[in-house]
2 protein chains.
Amino acid sequence: MATKFEAEYVVTMDDERRQYHPGVIVYDEREIVYVGSPQGYQEPVDREIVIPEGIILPGLLNGHNHAAMSLMRGLADDSPLFEWLSQYVWPLEEHLTPEDIEVGTLLACAEMIRSGTVGFADMYFEVDISAKAVDMAGMRAWIARGLDRADTKKLEESVEFCQAWRGHGHGRIETMLGPHAPYTCPPEFLAQVASAAQTYQLPIHIHLSESRDEMRQMAEQYHKTPIQVAYDAGILASRTLIAHGVYIEEADLKYLEQMEGGVVSCPISNAKLGNGTLPYHRLRNAGVAVGLGTDGAASTNSLDMFLEMKAMAWMQKLKEGKPEGFRAEDALWAATRGTAQILGHRGGVLQPGAPADFIVVDGRRAHMTPTWDVVANLVYAASGSDVRYCVVDGQIILQEGIITSFDERAVLQEAAARAQRLMERGR
Amino acid sequence: MATKFEAEYVVTMDDERRQYHPGVIVYDEREIVYVGSPQGYQEPVDREIVIPEGIILPGLLNGHNHAAMSLMRGLADDSPLFEWLSQYVWPLEEHLTPEDIEVGTLLACAEMIRSGTVGFADMYFEVDISAKAVDMAGMRAWIARGLDRADTKKLEESVEFCQAWRGHGHGRIETMLGPHAPYTCPPEFLAQVASAAQTYQLPIHIHLSESRDEMRQMAEQYHKTPIQVAYDAGILASRTLIAHGVYIEEADLKYLEQMEGGVVSCPISNAKLGNGTLPYHRLRNAGVAVGLGTDGAASTNSLDMFLEMKAMAWMQKLKEGKPEGFRAEDALWAATRGTAQILGHRGGVLQPGAPADFIVVDGRRAHMTPTWDVVANLVYAASGSDVRYCVVDGQIILQEGIITSFDERAVLQEAAARAQRLMERGR
């Protein structure tokens with residue numbers, strides 16, 4: 001079935017950064033067949049949706065999340081990091097039931113769909129449950145079970161999970177191995193994970209170079225940077241998604257230049273926890289892909305990638321000390337093609353043959369008026385609340401602000417009730 | 001006429017930081033008469049509005065704006081600063097008509113009302129027109145005409161404007177003198193402005209210590225910091241609103257400690273232009289009030305104070321290098337009581353006797369669920385688009401998402417058309 005969307009602007013993010021004003025996008029089943037001016041496509045379609053003041057752009061791809069942690073949004077913010085983890089997050093995680101994980105994941109999906117995210121890379125536990133929830137929500141996800149210590153049983157189960165779910169739903173659900181970080185996984189275990197990744201051809205999702213403490217600890221224990229620890233264990237020989245990368249040094253670049261994958265920046269989390277700002281130009285100049293992610297809502301409080309794009313641009317300009325230090329388009333690239341490139345996904349762009357994953361933003365709100373530059377408006381002025389349509393794999397999962405794939409209201413009520421119970425149990 | 005609002009939470013921002021859950025606020029004409037639990041107020045009212053999932057908080061106060069510049073939102077972002085000013089902003093400003101100023105100001109008012117701002121300090125030209133527009137929009141404003149070079153005629157006209165408009169609309173419109181900055185106003189002229197401020201008992205609004213260039217220029221020209229230049233000219237002897245204050249040094253504190261007024265931080269503008277981050281703790285430890293402002297939408301792109309609160313918290317935590325370096329409540333304080341204190345305004349707080357200026361935020365959206373901490377949700381998760389009601393001086397100017405004081409749709413269309421004409425004239 002062919003569907004046509006027509007809007008005031010289409011921002012393709014293709015290699016030539018083409019924009020159409022006005023523009024249309026046509027897709028058939030799960031694939032885009034045309035992007036261009038309205039005049040350029042005269043064939044009949046089965047369904048036509050016109051949003052006169054809309055802006056069509058690729059659906060955003062959140063490169064780092066712990067979706068179910070949305071249930072802990074706002075829990076003891078502003079506390080010192082170790083106190084936050086040891087007194088609040090970890091004790092609460094011990095009480096989490098599989099149903100909590102399901103509801104927390106759906107809560108995250110609701111927020112992401114509403115704010116224009118079509119897919120995300122996730123790391124948490126109870127992955128069978130979250131895979132099922134994401135599948136129902138109609139989103140894309142790259143799901144990894146978090147692995148730590150030297151838990152080989154978990155690694156085996158993780159491989160089983162990956163094999164069972166990879167490519168599910170015409171490829172909407174993909175899987176990864178998720179060794180948490182070099183300070184929670186010993187090098188021998190990292191090597192085991194790396195070996196499994198090679199054997200089963202699985203990509204890897206890992207936290208690296210996030211904090212000063214991590215840098216110091218790796219230097220003391222191994223006389224290495226976290227990137228070097230990962231490299232030496234073979235972790236960078238597979239397609240690997242590195243989350244954070246705040247403290248990547250010049251000396252690390254030789255380990256990254258040849259890798260598949262890349263680094264997902266999480267600027268809000270990195271600022272809010274006081275960690276720092278990823279060296280964007282150092283990485284890009286070395287040819288390393290940089291994507292964008294929110295981290296979990298327990299630390300970032302929001303899964304809105306429009307907010308994350310703003311934060312990325314502001315932090316990078318602040319780091320560079322000049323307005324021309326980073327462009328709006330760089331942020332939009334990271335949130336679409338950057339994350340896609342790291343994941344080896346052919347989305348994040350509007351062009352024939354790409355998956356029908358796109359969103360429509362309302363362009364005629366006060367804060368989006370006037371339009372000198374549509375990309376500047378999207379990155380610096382839009383908020384996730386401006387998203388009116390979200391289309392994933394050809395399915396309209398947000399239609400005029402209504403989530404069509406599940407009962408959002410029920411999920412929000414259930415999430416509020418479950419958080420209340422967790423609060424009471426915690427006392 | 002007494003009106004009662006009831007909601008799930010009331011966040012008062014009073015000296016004891018009282019919160020009510022659920023809570024009500026009652027006001028009579030222009031003044032709050034009760035804030036507390038629903039049980040605590042049993043008297044009959046003329047009108048009652050219940051928002052079961054709402055959060056009532058003080059209306060936000062934007063301490064630094066150039067409202068009419070909203071017409072230039074997104075104009076040549078990411079350009080080097082001098083190129084942006086000299087090739088884009090200044091040439092365009094030469095073409096601005098009084099009608100452009102009117103429409104630009106109303107566009108800014110629409111965005112501010114929608115995102116929960118009840119009042120703002122403004123500096124621009126054609127102030128009679130902007131005062132009239134703000135008055136019609138039903139907002140509060142502290143309006144200053146920007147003064148530069150040694151234009152004494154403008155200073156005289158500015159004093160006339162201030163005298164004519166001060167206290168207009170039961171005090172909704174207040175006026176200030178607006179010497180632009182020490183790099184655009186020579187010291188003798190600053191002294192003239194300071195003297196006029198004393199004579200006519202007018203507060204002052206000035207840009208100080210915003211950029212490295214300004215610091216260098218003041219050091220070269222006067223061997224002083226910008227704060228010292230202002231102090232020596234007598235500018236700090238009146239109630240003075242200092243915008244930016246990024247580079248305030250220890251040695252400056254002695255000039256600030258005794259002043260009325262304080263410093264309005266503009267974290268998004270300061271990051272986006274690559275300037276830096278205000279030394280919050282240095283100022284607060286010296287007892288200096290710190291408020292919050294957006295700067296004009298030409299540089300910040302957004303007038304959403306919820307976004308500005310996030311940016312303030314993130315930048316300060318980044319500067320401090322730890323999550324506990326700044327608290328959500330500090331940002332909400334700056335955006336309400338901080339700006340109010342600087343302006344000598346008794347708003348920014350919900351308590352009997354305060355002006356009936358408040359907003360209602362929708363608390364049951366996906367990104368606001370669950371509620372571990374209502375202030376954390378407001379600062380870290382809410383966006384301006386979550387504001388459902390905006391009440392200023394007892395008038396409901398945003399009602400269930402509809403602006404009641406003027407025809408928003410017409411303003412947006414007119415703003416888009418005028419920007420289009422400015423684009424064409426600029427070519």
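Start in the loop of chain A between strand E3 (23-28) and strand E4 (31-36), and select Glu29(A), which sits there. Helices (H or I, at least four residues) and strands (E, at least two) are DSSP runs, numbered from the N terminus. This is a predicted model: local features need pLDDT of at least 70, side-chain atom pairs count only at pLDDT 80 or more, and totals for chains, interfaces and linings use all residues. Residues are numbered from 1 along each chain as its sequence is written, while chains are lettered from A and ligands numbered from 1 in the order in which they are written.

Most residues other than glycine have a negative phi, and most peptide bonds are trans. Is Glu29(A) buried or exposed? Glu29(A) counts as exposed, because it has 12 C-beta neighbours inside 10 Å. The cut-offs: a residue is buried if 20 or more other C-beta atoms lie within 10 Å of its own, exposed if 12 or fewer, and partly exposed in between, with C-beta atoms placed from the backbone.

Switch to chain B and pick Glu400(B), in the loop between strand E16 (395-399) and strand E17 (402-403). Phi of Glu400(B) is near 50 degrees, again positive in a residue other than glycine. Glu400(B) is exposed, with 11 other C-beta atoms within 10 Å.

Now find two cis peptide bonds. One runs from His21(B) to Pro22(B), with omega near -5 degrees. Pro22(B) is in the loop between strand E2 (19-20) and strand E3 (23-28) of chain B. Another runs from Thr369(B) to Pro370(B), with omega near -10 degrees. Look for Pro370(B) in the loop between strand E14 (358-362) and H15 of chain B.

**Two helices in chain B**

Select H14 (residues 328-343) and H15 (residues 374-381) of chain B. Their axes come within 9 Å and cross at roughly 70 degrees. So H14(B) is roughly perpendicular to H15(B), a label for angles of 65 to 115 degrees. Axes are lines fitted to C-alpha atoms, for helices over the stretch in contact, and angles run from 0 to 180 degrees between N-to-C directions. Which residues of H14(B) make the contact? They are Ala328(B), Glu329(B), Ala331(B) and Leu332(B). Residues are in contact if their C-beta atoms, placed from the backbone, lie within 7 Å.

**Where the chains meet**

Show both chains. 54 residues of chain A are in contact with 54 residues of chain B. H13(A) gives the largest share of the side of chain A that touches chain B, six residues. Highlight H13(A), residues 305-320. This helix is mostly covered, with 14 of its 16 residues buried. Just after H13(A), Gly321(A) takes a positive phi of about 75 degrees.

Next, select Asn301(A), in the loop between helix H12 (297-300) and H13 of chain A. Asn301(A) is buried, with 32 other C-beta atoms within 10 Å. Leaving aside neighbours within four places in sequence, its contacts include Arg73(A) and Gly74(A), and across in chain B, Ala376(B), Tyr380(B) and Ala381(B).

**Last stop: the axis**

Key:
Parallel < 35°, antiparallel > 145°, perpendicular 65-115°, else oblique. Contact = placed C-beta atoms within 7 Å. Expected span 1.5 Å × (residues − 1).
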